[in-house]
Amino acid sequence: MNFFTPEIVAIIIEVVKGLVILFGMVIVAALLIWIERRVLGLWQDRYGPNRVGYAGSLQVVADMLKIFFKEDWIPPFVDKPTFIIAPMIAMGTLMLAFVLIPITPTWGVAPDLGIGVLFFFAIAGIEVYAVMLGGWSSNSKYSLLGGLRSAAQMVSYEVFMGIALMGVVMETGSFSMNAIVEYQATHHWFILSQFFGFCTFALAGIATVHRHPFDLPEAEQELAAGYHTEYSGMKFGMFMVAEYVGVVLISALLVTLFFAGWHGPFFAPIVWFVLKTLFFVMLFILLRAALPRPRYDQVMAGGWKFCLPLAVVNLLVTAAVVLATE
Amino acid sequence: MELAFYFAAVAAVVSTVLAVTNTNPVHALLYLIVSLLAVAMVFFAIGAPFAGILEVIVYAGAIMVLFVFVVMMLNLGKAAIDQEKRWLAPRIWIGPTIISGALMFELVSVLAPNDGTHLIGLQTIDAHSVGVLLFGPYLLVVELASMLLLGALVAAFHLGRHD
C-alpha cells in the first residue's frame, strides 16, 4: 500500500507552506524588535543596540536567550488561570489572522476563505480579551486601568474598522482576500478610490494592536507598563512579540486591501509584497518616533466624532457610486 | 463535518453549564465566551459561515467585551464569590431544572422524527444569500430593527449627556 498518494503529498506540501509562513512571520516580528530600536535610534540621533553581532543584528538572539532562561514568575496575588491564558490569546489570535494574507498568488494558507475580511474582525474582537484579562487578572491598579482603557478603546475603534472596509468589499463584491487582490490587479488599487477608507482603517488598525500613538493601555508615564506590569519572563515576551506580530499583520492587511498585495510590475510578486509590507512597518515605527501620545479623552473623541462619521460618509458615497455605475 | 458539529455542540453544552455553575464572575463570563465560540463553530459546521462569523464578531467580540468590562469595573472580590456560592445551594436548582427539563423534552420531541432529509453541510449559506433575504422578504423587519436601535442610541446619548 502506497502511503504517499497525491492527495497526502498535496496536504503535506500545504502544511509545510503554512509552517514556513508562520515561522517566517514570527521571525520577522522578533527581528522587528531590533530593527525598531535601531531605526528609532537613528531618527533620534543616537546608536541604539549595536553591540551583539554585526550592527547589533544578534540582539534578538541575546534577548530571547535571556527571556527563555528567566524564571517564569507568577505573582501570588494574581488570578492564575486567566493570568496564564492572556498572553496565549494575544499571540495566538494575531498569528491566526495570517491565514488570510495572500503573500503571492500561490503562497497563502486560506486567502480564498469566503468570509475573508470578516475573519479578521472576529480575530480583532477576540484579541481584546488578551489585554483585558491580562489587566484584570494581574490584580494591580496599573494593570486594571490599562485593561479598562484597552477595552473602551477597542470597542470604539472596532465600530468603524468594519465600516471603513465595507467600501472595499462593495467595490469588489466579495469578502475574500484573493478576490480583493485580483480586483485591484485588474482594475485599480483601492488607495485611489478608497482613500478615506484607508485612512480610517489604518487608524483603527493601529488602535487594534495598540501601537503608538494609540498605546494608551500601556502608557508608561502614568500606568507603569499598563496591562502587562505584573508579567515577566516568557509571558511578557509573548505580549512583546504579539505586539510586533500585530504590526506585521496590520501592515500586510493594509497592503493586501489597499495596495493590491503582491501585484506590481517588473519584480516577482513576493518582492512586491515584502517591499510594500516593509514600507508600512517602517511607517508604524516612524509614527512612534514622530508623534506624541494624545490624551485618553482625545483618543476616544477622535474615534467617535471624527473617524466614525468619516467612515460612514465614505461608505454611503461608495454605495452610491457602485449603484450608479452598475 | 458531522464530527465537527458534534464536537462543537458538546463544547457548547459543557461550557454553558460551567458558565452557570462557576462562582467567579469573570471565569463564568469566559466560559460564556467559549460557549458562543462553540455555537459559531456549530454554524460553520452546518454550512452557515456568515452567521457563524457574525456570532463571533457581535457576541463574542463586542457584547461580551462590554460584559467583561462592567465586571472588571465593579471589581467584585471574595464577597461576591461567597454570595454566589450561597445562591447556588442544591435546593435552588430544583425549580429551574424542572422547567428546563420540560422545555428540553418539548424540543427533543419536536426534533425527534428525523427522516434524514436535513443532512448537515450540504448547502452553504453565504453572505450573499443572507443579504438577499434580509433586503428582500425581510426588509420591513430590518427597518424596524434599525429604528429600534436608533431609539436606543438616542436614549443612551440623552442619558450620557453632561449638563
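## Chain B: an all-helix chain

Chain B contains 7 helices and 0 strands; helices here are DSSP runs of H or I with at least four residues, strands are runs of E with at least two, and both are numbered from the N terminus. Starting at the N terminus, its elements read α-α-α-α-α-α-α. Chain B has a radius of gyration of 20 Å, well over the 15 Å that the globule rule gives for 163 residues, so chain B is more spread out than a compact globule. For reference, that radius is taken over C-alpha atoms, and the globule rule is 2.2 Å times the number of residues to the power 0.38.

The C-alpha trace of chain B spans about 50 × 50 × 25 Å along its principal axes. Of its 163 residues, 21% count as buried. A residue is called buried if 20 or more other C-beta atoms lie within 10 Å of its own, exposed if 12 or fewer do, and partly exposed in between, with C-beta atoms placed from the backbone. Among the contacts in chain B with a separation of 6 or more, 67% are between residues 24 or more positions apart. Two residues are in contact when their C-beta atoms, placed from the backbone, lie within 7 Å.

## A word on the model

This is a predicted model, in which local features need pLDDT of at least 70 and side-chain atom pairs count only at pLDDT 80 or more, while totals for chains, interfaces and linings use all residues. Residues are numbered from 1 along each chain as its sequence is written, and chains are lettered from A and ligands numbered from 1 in the order in which they are written.

## Chain A: twelve helices

Now to the partner chain. Chain A has 12 helices and 0 strands, and along the sequence the pattern is α-α-α-α-α-α-α-α-α-α-α-α. Its radius of gyration is 21 Å, close to the 20 Å that the globule rule gives for 326 residues, so chain A is as compact as a globular protein of that length.

Along the principal axes, the C-alpha atoms of chain A fill a box of roughly 65 × 60 × 45 Å. Of the 326 residues of chain A, 47% count as buried. Residues 24 or more positions apart make up 76% of the contacts in chain A with a separation of 6 or more.

## Where the chains meet

At the interface, 19 residues of chain A are in contact with 17 residues of chain B. On the chain A side, α4 (116-137) and α5 (141-172) each supply at least two residues. The largest share, 9 residues, comes from α4(A).

By class, the side of chain A that touches chain B has 14 nonpolar, 4 polar and 1 charged residues. In this scheme Ala, Val, Leu, Ile, Met, Phe, Trp, Tyr, Cys and Pro are nonpolar, Asp, Glu, Lys and Arg are charged, and the others, Gly among them, are polar.

## Helix packing around α5(A)

Two packed helices are described by the angle between their axes and the distance between the axes. The axes of α4(A) and α5(A) come within 8 Å and cross at roughly 175°. Axes are lines fitted to C-alpha atoms, for helices over the stretch in contact, and angles run from 0 to 180 degrees between N-to-C directions. The residues of the contact of α4(A) with α5(A) are 14 nonpolar, 8 polar and 1 charged.

α5(A) also packs with α12(A) (residues 296-325), at an angle of about 15° and with the axes 9 Å apart. This pair is therefore roughly parallel. The crossing of α5(A) past α12(A) is left-handed, meaning that the near helix is turned anticlockwise from the far one by less than a right angle, whereas clockwise would be right-handed. The contact of α5(A) with α12(A) involves 19 nonpolar, 6 polar and 2 charged residues.

## Three residues to look up

Phe198(A) sits in helix α8 (residues 195-208) of chain A and is buried, with 23 other C-beta atoms within 10 Å. Leaving aside residues up to four places away in sequence, Phe198(A) touches Ile191(A) and Phe258(A).

Most residues other than glycine have a negative phi. Asp45(A), in the loop between α1 (6-43) and α2 (59-69) of chain A, has a positive phi near 60° and is exposed, with 6 other C-beta atoms within 10 Å. Phe266(A) lies in the loop between α10 (233-258) and α11 (269-290) of chain A. Its phi is positive too, near 70°, and Phe266(A) is exposed, with 6 other C-beta atoms within 10 Å.

Note on methods:
Angles under 35 degrees count as roughly parallel, over 145 as roughly antiparallel, 65 to 115 as roughly perpendicular and the rest as oblique.
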